Amino acid sequence: MHERIERRTRRASAGRWLALFLGFTAIGWPALASEDHTNNHTRPDGHAPIGVMGDHTHAAGEVMFSYRWMRMRMDGNRSSTRHDSIPSVIGTPGRPGRFLVVPTDMDMEMHMVGAMYAPHDRITLMGMLPFVRLSMDHLRRDGRRFRTNNERIGDVRAGALITLFDDEMHHLHLNAGVSIPTGNIRRKDTLPAPLNRGRLPYPMQIGSGTWDLMPGATYTGRVSWLSWGLQGIATIRTGRNSLGYRLGNRIDGTAWAAVPWTDWFSTSARVGYSAFGNVVGRDDLLNPNLVPTADPNRRGGRRLELFAGVNLAIPLGPLGTHRFAVEGGFPAYEWLNGPQLETDWSITVGWQKAFKGLPAL
């Protein structure tokens, strides 16, 4: 009971801070309307918030490199919108519950290196290489605790951004991406007796094991004192992996607005929605009655998140202009096929640098 009250208090406090942030932004808009900000990528809000990828295209011959560090914290379990207490999942020594083991919290950390190159004014190619680190704490019915870990190169993403429309105020492009199954799906870790060493469950594996199509579209707009955008991306799994299952398909949509307070500093607010399905098929080495994370029917859900960010476009002399950004968020609504670990917060920090003058078509 105290844990649930504390969690609601943290989220209410975060909501108040976000409301203050949005109010501060709204108050400042009229004062910025008279400023002369050019309509190009040199604006601090010329790109979407750092948590959005595939948001912009480049002119022919341009190259951009990027680095992102992402961290997500999950704490406590949820079924639909209801918080699940630990006894409700594993029971007590005298009254067994549905499972022998319950995950209590999880940390996900990702380092992502990206590159973009535009061979043509209407085509921008992109690729992303992630390194993922996962850690999950568990509690057994007998009171023993243990932790599982996994860290590896994840699934590489590649794709093209195809411009459909672009003028001084509006821009629209298609996102045509693919996720390449370079991440491991057979990772094992040492578990306490009598479980011994075994295969890690679905959310602790780095990769999907399947070639995944990632179609979508992105729209952005801007005036002198404001920029905004919308993006929708689907992840469509193709076939099943070598272990006989595939992760659930998902849809991610987001909308944002940003205000350039100066020529080098802007703030942003964003809302994101995700819907993701259960695992189809199963890994035969995982026992779905042992722990919820091994049950393929307890992986789906929906999530609505709120984000706030800061974006900097800083000229560094002969090194040109570098972009630095940070964005943090938390769920405002979360529905899960549980028991399943619920998300508490996430943060993304990043750097971007564009270069000109490479060959173009």
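User: Which residues of the largest nonpolar core touch the most other members?

Analyst: Please keep in mind that this is a predicted model. The largest nonpolar core holds 18 residues, and the elements that give two or more residues to this core are β1, β5 and β6. Those that touch the most other members are Met-106, Met-110, Val-132, Leu-134 and Met-204.

User: With which residues is Leu-134 in contact, leaving aside its neighbours within four places in sequence?

Analyst: Leu-134 belongs to the largest nonpolar core, where it is one of the residues that touch the most other members. Once its neighbours within four places in sequence are left aside, Leu-134 is in contact with Met-106, Asp-107, Met-108, Thr-148, Asn-149, Asn-150, Pro-203, Met-204, Gln-205 and Ile-206.

User: Is Thr-104 buried or exposed?

Analyst: Thr-104 lies in strand β5, and leaving aside its neighbours within four places in sequence, Thr-104 is in contact with residues including Asp-75, Ile-86, His-138 and Leu-341. A residue is called buried when its relative accessible area is under 20%. Because the relative accessibility of Thr-104 is 11%, this residue counts as buried.

User: With which side chain does the side chain of Thr-104 make a polar contact?

Analyst: For a polar contact, the pair of N or O atoms must be within 3.5 Å. The side chain of Thr-104 meets this cut-off at 3.3 Å, and its partner is the side chain of Asp-105.

User: What volume does the second largest cavity have?

Analyst: A search of the whole structure finds three cavities of 30 Å³ or more. For the second largest cavity, the volume is about 80 Å³.

User: Which residues that line the second largest cavity are the closest to its centre?

Analyst: The lining of the second largest cavity divides into six nonpolar, six polar and two charged residues, and β1, β5 and β6 each supply at least two residues of this lining. Of the 14 residues that line this cavity, the closest to its centre are Met-64, Ser-66, Arg-68, Met-116 and Met-126.

User: What percentage of the residues in the protein chain is buried?

Analyst: The protein chain has two helices and 19 strands. Among its 361 residues, the buried ones make up 47%.

Conventions
Residues numbered from 1 in each chain as written. Predicted model: local features only at pLDDT ≥ 70, side-chain atom pairs only at ≥ 80, totals over all residues. Heavy atoms only, no water. 1 Å grid on protein atoms, 1.4 Å probe; cavity = no way out; pocket = protein on both sides within 12 Å on 5 of 7 lines; lining within 4 Å. Points joined across faces, edges and corners; volume = space filled by probe spheres on them. Helix = DSSP H or I, 4+ residues; strand = E, 2+ residues; numbered from the N terminus. Nonpolar A, V, L, I, M, F, W, Y, C, P; charged D, E, K, R; others polar. Buried < 20%, exposed > 50% of the residue type's maximum accessible area, 1.4 Å probe, protein only. Polar contact = N/O pair within 3.5 Å; in protein donor to acceptor, adjacent residues only side chain to side chain. Contact = heavy atoms within 4.5 Å. Core = buried A, V, L, I, M, F, W, Y, C linked by side-chain atoms within 4.5 Å.
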